[in-house]
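User: I would like to learn how to read an interface and a strand in a protein model. Please take me through them step by step.

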4 protein chains.
Amino acid sequence: MAVFEFSFFSMTLHRHTEVTAIIPAEGPIFPGQPPLSDAPFRMLILLHGYSGSHSDWLRGSSIEQLAQAHRMAVFCPSGENSFYIDDVKRDALYEQYICKELPEFARRVFHISDKREDCVIGGLSMGGYGAIRSGFKHPDTFGAILAFSSALITDGISHMPDEPQPAPAGQGGAMGMAPSYFVHTFGKPSGIIGSDVDPKALATQLMESGAERPRLYMACGSEDFLIEPNRDLHRHLESIGYEHSYTEGHGIHSWEYWNEHIARSLNWLDGKE
Amino acid sequence: MAVFEFSFFSMTLHRHTEVTAIIPAEGPIFPGQPPLSDAPFRMLILLHGYSGSHSDWLRGSSIEQLAQAHRMAVFCPSGENSFYIDDVKRDALYEQYICKELPEFARRVFHISDKREDCVIGGLSMGGYGAIRSGFKHPDTFGAILAFSSALITDGISHMPDEPQPAPAGQGGAMGMAPSYFVHTFGKPSGIIGSDVDPKALATQLMESGAERPRLYMACGSEDFLIEPNRDLHRHLESIGYEHSYTEGHGIHSWEYWNEHIARSLNWLDGKE
Amino acid sequence: MAVFEFSFFSMTLHRHTEVTAIIPAEGPIFPGQPPLSDAPFRMLILLHGYSGSHSDWLRGSSIEQLAQAHRMAVFCPSGENSFYIDDVKRDALYEQYICKELPEFARRVFHISDKREDCVIGGLSMGGYGAIRSGFKHPDTFGAILAFSSALITDGISHMPDEPQPAPAGQGGAMGMAPSYFVHTFGKPSGIIGSDVDPKALATQLMESGAERPRLYMACGSEDFLIEPNRDLHRHLESIGYEHSYTEGHGIHSWEYWNEHIARSLNWLDGKE
Amino acid sequence: MAVFEFSFFSMTLHRHTEVTAIIPAEGPIFPGQPPLSDAPFRMLILLHGYSGSHSDWLRGSSIEQLAQAHRMAVFCPSGENSFYIDDVKRDALYEQYICKELPEFARRVFHISDKREDCVIGGLSMGGYGAIRSGFKHPDTFGAILAFSSALITDGISHMPDEPQPAPAGQGGAMGMAPSYFVHTFGKPSGIIGSDVDPKALATQLMESGAERPRLYMACGSEDFLIEPNRDLHRHLESIGYEHSYTEGHGIHSWEYWNEHIARSLNWLDGKE
């Protein structure tokens, strides 16, 4: 499989950034395999979770094999811990990066379809949030959304104080997130509900706009600590009439679950499930 | 030359981060070359500039050859556009990363000297600022500082308003930095002078503390747009009695200048210039 | 997990070569995890199969998680299609590379134990052959061998003609190996049996030498096309009294099988299975 | 600049192989820069020398800046120590790889022109030989050849015995090439002259064929140990009427020389010198 690590100067992040990509461009390896098509590739932008990096999906899942089987060019950007939201204060515009600059760059460099229905966004945990938010906000760009164990945490954060107390020294640990981190990332908690970081509000606006909706595959394990907000978004989408696929099944917040569902979601995308 | 790209989970950045490293560990290639020493390597942490990344020094300079010639293990981290200052609001502690976690990681993984005099920090532009500030704040960690075309911009920023106006839409361009970026990075402008982001204040405190001072090599081209603040720090260091090497010479803000001075500074470090 | 891609000039291959490595050097991520040990790491040299490359194990298996769990530094070299045998005609000495230069390089650069019992060699398919042959030939270097679906094909090749006919044009396909390839790799077929490319002969010599034998874990799926020569070596080892672990179980020549057995073999190595 | 490291399964090498590439696809960084063109990129396949690897040109030269300035997509493959000649005995067909599979792969994956005049091959030392031989043998594929310090050593090797004596033990050193290496690489010395590894013979045949000839830029420093065979090919090309650019100038076998001439040759290619 053709695996790429590349870096380039991002005009929206204002610095060099790195991407892991997989392009299903290899010739037939065994006798009898069909010759390669010259058609442009479909594109899947696949987002990592909090604390992760662009190489996570390649190292953690079978995306390499799946990309070949589904003839899908996969691009995994680095979102640092941004939740894929524009950080205007720091000139680090992650939403613009993954929803506009990266797709354009991919099409300028690689042999990629420019059709909306051939452009998919997916992700896990923080990246599941990013995929859902990006798809709902940019329905003209993305034809489908694949969201696993999505960190749909905005409702919870909306109850935090707008001026958080600093965390006591020595607490937290490497994975503990300070309250200020959430405020910096999502904006003042009191302003979250109904804003453009609120997936339910975005879904409602998308329904009302009459724009073509991205197809949506959502999955979250029933033992995942994020199951409740996933159920909540699922119910909301049902209530407003946004058709989508929703799956739970036994599972925690782990690569085992994500690996199963990236495979199932690509079959679903191709109408095979 | 042995070139390494590696990534690991940083406890101070709260996510995976990437490093380019060069280790002068190859055996004798031509007959007659001396055998390799088993002594631990010296360490140079080498910082990139604004908009850059961990691979800049490898791609832009002759650091690979210099590392071999000076038997120096070189580690180039990614500082994003942080100026290597802790971003407490975002749980992204760049100062702790380059001054504590990275040296410790390097010593745990590689065969690196644990002596202060064998630990050097250097950088260009934003990375020159980072090298100077880090060396002045952590004199027990770093035995020497190599600073090229340093972005000693804190005096200038101290005159900005504490509550910056948003930049007018459409202005700026990819390299234009919004006022809010500076405030987020360095803190309220009115509080900068005398704080721990002010290199002159740090130098004064270091002199007064009686701690052993890092050796310091500063260079900035006379045509560089950053020449005045470099001259200013140079004069300040002279006025307080901080011995250091200071060079200008013809030059702009370019790899040609940095490549010349990384070479000269390593000779200086080894007492050859 | 700390993942490394590095390249260096190999004196035995006479050119730059690349290695993927995993070093279990990260600090405690969650509160309550024990602090890191300063003890040197054990080393596992892990070999890819025919047609593969140094990054195969990282991309195809869970070796990253296993390296952390077992505190084992893993080095995956590139063996091209050499079967890890010295190609003297081309100055490309793969056996010397993996059995001598790479372990020495790893110890010179990284913080690695220099004890024989802390140095393990493993591999799959062509790499399983390489692990077995290397371990049997260099029992002073390797304390253990982990061999999966090993391409123990020398008995079969010994029946080929010494002067192979060229393959008919258009046959073969990308994975078809020409007879000349085997002759180039293993030497004249009539000379294979009893030579140092014959694992059974090497095992017998090792038993007779009285040298300390590497511990050996062998596994091959009962549906693998290589099962018969694996059974044959297993019987030979039993007949000469070389204690070892041998497992079959349901399985074909696939990452699913290798992933299961790299995990089981590391437990076996640590006395947990 | 957009820099790519990628690997894929090569059907002609029968294994995964790695490529370093540079694509001039970044947007305008400073205000006032022209917008990007959507035209396909020209392609330069750029070959490393003996003992090198795919990353040499990126690390050793300014090719990154030059690729942007000339809007040229650059692909640097790994030729190991093959001289870019098919090694039929080992199923490792380097000529087919760089002259057919790699250009096709690049066009299938990236947005690359399919015109002959937009496809250039270049290289240094062993890679200069490879560029010249490939260009002369495949004039329908390559519109131009850039050859620096070319290792035009076939005349010298043609005087070696067909059955070389093994090198005495302990001689040679890492860079010493055994006689058997040359015989394996180029075939029996007595058969070299006039064969398809003989650049002068290929040039003569190309002239006689009437096919369109690749434009040719040759450079070799007057202090280079390879200067004589470069002068010899230059005279031969003059004698048969193959127009070309030939330059010597002060210089040895070094990156300083190659860096100067890759820059000059790209200007020459664009009619600027």
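**Chains D and C, then a strand**

Analyst: Between chain D and chain C the count of salt bridges is zero, a salt bridge being a side-chain nitrogen of Lys or Arg within 4 Å of a carboxyl oxygen of Asp or Glu. This is a predicted model, where local features need pLDDT of at least 70 and side-chain atom pairs count only at pLDDT 80 or more, while totals for chains, interfaces and linings use all residues. Residues are numbered from 1 along each chain as its sequence is written, and side-chain values use heavy atoms, without hydrogens and water.

User: What area do chain D and chain C bury between them?

Analyst: The size of an interface is often given as the accessible area lost when the parts come together. Here chain D and chain C bury about 2,300 Å², with 48% of it on carbon and sulfur atoms; the area is taken with a 1.4 Å probe and summed over both parts.

User: Which strands are joined to β3(B) by bridges?

Analyst: Strands are DSSP runs of E with at least two residues, numbered from the N terminus, and two strands pair if DSSP finds at least two bridges between them. β3(B) has four bridges to β4 (residues 72-77) of chain B, running parallel, and five to β7 (residues 119-124) of chain B, also parallel. Ile45(B) has Phe75(B) as its bridge partner in β4(B), and Leu47(B) has Gly123(B) in β7(B).

User: Why is β3 of chain B largely enclosed?

Analyst: Buried means under 20% relative accessible area (1.4 Å probe, protein chains only). Because five of the six residues of β3 (residues 42-47) of chain B are buried, this strand is largely enclosed by the rest of the structure.

Terms used:
Chains lettered and ligands numbered in written order. Buried < 20%, exposed > 50% of the residue type's maximum accessible area, 1.4 Å probe, protein only. Buried area = accessible area lost by both parts, 1.4 Å probe.
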